[in-house]
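Let's take a friendly walk through a structure together.

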Amino acid sequence: MNNPFLQNELFGNSLINYLLAIGVFIAAMVIIIILKKVIKNKTKLIEEEKPDLRNFIEGTAVKLIFPVLYILAVYLAVSQLALPAGISKILSYIATIILTIQGIRLVLSLCVFLIKKTWGLKGDNTHLIKTNGLITITRIIVWCGGSLFLLDNLGVNISSFIVSLGIGGIAIALAAQTILGDLFNYFVILFDRPFEEGDFIIIDSFLGVIEHIGIKTTRVRSLGGEQLVFSNSDLCSSRIKNYKRMKKRRVVFNLGITYRTSYEKIKKIPPIIKTIIENLNDTAFDRAHFSGFGDFNLNIEVAYYVLTGDYNKYMDIQQDINLAVKQEFEKEG
C-alpha cells in the first residue's frame, strides 16, 4: 500500500482507486454471468406445457433485468473513483433515470403477463376476452406512478403537483361521470363476465353476437348485419339473455288435429310423438298430451329438450320432428 507507484494520481485518483474500480467491475460481471447461467438452467427445467412462462422469464431476463445489472456494475465501479461534483451528479441522474425506466418496464411486463394469463385466451377464439383496454389502463397507471417516483428521486418537489392533480381529478370526474361510469362497468364486465365476445345475446328488443367489448362501448352484430353499439353502463343495467351459455333448450309446441279425428287415433298421438323424439339425437322427451279443445281443432301440446344451445341445431331437430309427425299422421290418416 506504501508503494509510491500505486500512489500516483491521474485525474484526481490514485492507481489503487482505478484498480479497485476495475476489480469491482470484474467481480460484478462474474456474478452477472453466473446469475445468467443459473437462470438459463432453471428455465430449462420449466415444463414444456408452460412455454408462455418460459418465454416470459427468458425475455424479461434478457431484455430488462440484465441491462439493469450491467448499469449497476458500471455505477458501482465508477463510485470507487473520486469524481468532480458536477460529473458525479450527472452520472447519478443518468443511472436513476435508466434504472427507473427499466424498473417500470419490468413491472409493466409482469402486469401484462398476469393480465393475459388470467383474462386472456381460454380454449378457442370464441372464448377470447378483450384485455387491450385493461392493459392500456395498467400502462398509464404504471408509467404515471413511475414518473412521479423518478421526479421525486431527481429532487423535484411533487407535493404541490399531487395536490393540484387531486383537485383537477375531482373536477374531471364531475365533468365526465358518464365516461367514468362506462369505464367502471367495463371492469364489471371484465371481472364478472356476464358475456364474452362471440356470445349470442338479447338485450330488450335487440339481439345479436358480441363483436367487441371496449372501454366505453360494446358492439353487437345483429342478425340483420348492422352493428349495434351499447354503452357499458346500459348493458350492465339491462336484463341480458345469453344464449351462448345455454346448456339445453326446452321446447314447447302445439299440434292441431281435426274434430273428426276418432278417439282411438287421438290416444295413439302422444306415443307416436314420444317415439319420434326419442329416436332423434341430442333430444330428451318430456311430455305429450291432448291438452284441450280449440275453436277449430283439438290441441296436442308437446314438450321436449334439445341438449345443446345451438339455435341452428334446434331448428334442424324441430324440422325433423315436424316431417316425421307429418309422415306418421298421413299413415294413420
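Which residues form one aromatic cluster with Y259? The answer is F290 and F293, which together with Y259 make up one cluster. Before going further, please keep in mind that this is a predicted model, in which local features need pLDDT of at least 70 and side-chain atom pairs count only at pLDDT 80 or more, while totals for chains, interfaces and linings use all residues. Residues are numbered from 1 along each chain as its sequence is written, and side-chain values use heavy atoms, with hydrogens and water left out.

For an overview, the chain holds 10 helices and 10 strands; these are DSSP runs numbered from the N terminus, with helices being H or I of at least four residues and strands being E of at least two. Of its 333 residues, 28% are buried, where buried means under 20% relative accessible area, exposed means over 50%, and partly exposed is in between (1.4 Å probe, protein chains only). Among contacts with a separation of 6 or more, 59% join residues 24 or more positions apart; a contact means heavy atoms within 4.5 Å.

Now back to the aromatic rings. The structure holds 4 aromatic pairs, counted when the centres of Phe, Tyr or Trp rings (for Trp, the six-membered ring) lie within 6.5 Å; planes under 30 degrees apart are stacked, over 60 edge-to-face, and the rest tilted. One of them is the pair of F253 and Y304, which is edge-to-face, with 6.1 Å centre to centre and 80° between the planes. F253 belongs to strand 8 and Y304 to strand 10, so this pair ties together parts that are 51 residues apart in sequence. Both F253 and Y304 are buried.

Y259 counts as partly exposed because its relative accessibility is 42%, and F293, with a relative accessible area of 64%, is exposed. Leaving aside residues up to four places away in sequence, F293 touches Y259, L298 and N299. F293 and G256 are 37 residues apart in sequence, yet their C-alpha atoms are 9.5 Å apart in space.

Where does helix 9 bend? The bend is about 25° at I269, and a proline, P270, follows within four residues; the angle is taken between axes fitted to the seven residues ending at a position and the seven starting there. The buried residues of helix 9 are I266, I269, P270, I272, I273, I276 and I277. An α-helix has 3.6 residues a turn, so residues three or four places apart point the same way. Covering the buried residues of helix 9 are, among others, strand 8 (249-257), strand 9 (283-293), strand 10 (298-306) and helix 10.

A pocket, on a 1 Å grid over the protein atoms alone, is an open set of points where a 1.4 Å probe fits, with protein on both sides within 12 Å along at least five of seven lines, and lining residues have an atom within 4 Å of a point. Grid points are joined across faces, edges and corners, and a volume is the space filled by probe spheres set on the points. The lining of this second largest pocket includes T258, R260, K265, I269, F329 and E332. Helix 9 (263-278) and helix 10 (311-332) each give two or more residues to that lining, and helix 9 provides the largest share, 4 residues.

The largest pocket has about 320 Å³ of space. Its lining has 13 residues, with F200, Y243, R249, G309 and Y311 nearest the centre.

Finally, look at two loops. D204, between strand 3 (200-203) and strand 4 (206-213), has a positive phi near 55°. D282, between helix 9 and strand 9, has a positive phi near 60°. Most residues other than glycine have a negative phi.
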